[in-house]
Amino acid sequence: MRSLEYEGVDVLFGYPGGAIMPTYDALYDHKKTLNHVLVRHEQGAVHAAQGYARVSGKVGCVIVTSGPGAMNTITGIADAMIDSTPLVVICGQVGAAMLGTDAFQEVDVVGVTQPISKWNYQIRRAEDIPWAVARAFYIARSGRPGPVVLDFTKNAQTAVIDYEPQVVDFIRSYKPVPQCEPTVIEKAARLINESVKPFMLVGQGVELAGANEELLALCEKAQIPFATTFLGLSAAPSDHPLNMGRLGMHGNLAPNVMTNQCDVLIAVG
């Protein structure tokens, strides 16, 4: 709980169960600083946390139990990964000594969520909690935001340690903002300058990066018409003369035709 408070968490969405009960017991002592929102289904907890993250700009936080509780979060985790929503999902798990024994409500949460999360980690020792939580929030909120899953064994929840807050602001193998290569940018500029019918697809990344003004500056300078994805609707004014509407099966006719007619398609964000 203190690690969550240190990361600025003030709201938790969750549903209790046996394997996460020690954490819920600890939550009671922090009820003045951590507001727990009880849902009726774990999937609802993740979607609620997604909405909270989008509105507040903070990392959404979810707490659920093992087995069926953890598996009920899968749809929301996958959705957060695709939609670039920062989440930290904390799942209960059987004790470390029981792992791999088909214990009651034991599921390989790390294996299941690995393809649909930015990072996941199984906490087997209480000593690893401050480091794992700090790393989880750093990865969730940096670069392209997304979900992180912490699989929390029961023995790690019940052990007692002296808490020391940790700060993670660098991970050697993780580059949240890749370096731009000037030669690649020059090549892209040449393609745009030499094109006859360029067209741009604008996604949510423009909004997340705060690059709205830069987007319009480029489109207006080069007179490039553009369309948006569902999540990119807020990236540019809907009444802008170069805005052709929304792309896709639920979108407008013009941008779907123009993606087939253009000689250069520029995907931004």
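At what angle do the axes of helix α3 and helix α5 cross? In this predicted model, the axes of α3 (residues 42-56) and α5 (residues 74-83) cross at roughly 25°. Angles under 35 degrees count as roughly parallel, so α3 is roughly parallel to α5. The points below cover this helix pair, a cavity and the salt bridges.

**Helices α3 and α5**

- The axes of the two helices, α3 and α5, come within 8 Å.
- On the α3 side, the contact is made by Q43, V46, H47, Q50 and R54.
- These residues meet T75, G76, I77, D79, A80 and D83 of α5.
- Sorted by class, the residues of the contact of α3 with α5 are three nonpolar, five polar and three charged.

**The cavity**

- One cavity of 30 Å³ or more turns up in a search of the whole structure.
- The largest cavity holds about 40 Å³ of space.
- Its lining consists of S3, Y6, E7, P130, V133, A134, Y163, P165 and Q166.
- Two helices, α1 (2-6) and α7 (129-141), each supply at least two residues of the lining of the largest cavity.
- Helix α7 gives the most to this lining, with three residues.
- By class, six residues of the lining are nonpolar, two are polar and one is charged.

**Salt bridges**

- Side chains of opposite charge can pair when their charged atoms come close.
- The whole structure contains four salt bridges, according to the search.
- One of the salt bridges joins D10 and K58, with the closest N and O atoms 2.9 Å apart.
- D10 lies in the loop between α1 and β1 (11-15), while K58 lies in the loop between α3 and β3 (60-64).
- The pair links distant parts of the chain, as D10 and K58 are 48 residues apart.

Terms used
Residues are numbered from 1 along each chain as its sequence is written. This is a predicted model: local features need pLDDT of at least 70, side-chain atom pairs count only at pLDDT 80 or more; totals for chains, interfaces and linings use all residues. Side-chain values use heavy atoms; hydrogens and water are left out. On a 1 Å grid over the protein atoms alone, a cavity is a set of points where a 1.4 Å probe fits but cannot get out, and a pocket is an open set with protein on both sides within 12 Å along at least five of seven lines; lining residues have an atom within 4 Å of a point. Grid points are joined across faces, edges and corners, and a volume is the space filled by probe spheres set on the points. Helices (H or I, at least four residues) and strands (E, at least two) are DSSP runs, numbered from the N terminus. Ala, Val, Leu, Ile, Met, Phe, Trp, Tyr, Cys and Pro count as nonpolar, Asp, Glu, Lys and Arg as charged, and the others, Gly among them, as polar. Axes are lines fitted to C-alpha atoms, for helices over the stretch in contact, and angles run from 0 to 180 degrees between N-to-C directions. Angles under 35 degrees count as roughly parallel, over 145 as roughly antiparallel, 65 to 115 as roughly perpendicular and the rest as oblique. Contact means heavy atoms within 4.5 Å. A salt bridge is a side-chain nitrogen of Lys or Arg within 4 Å of a carboxyl oxygen of Asp or Glu.
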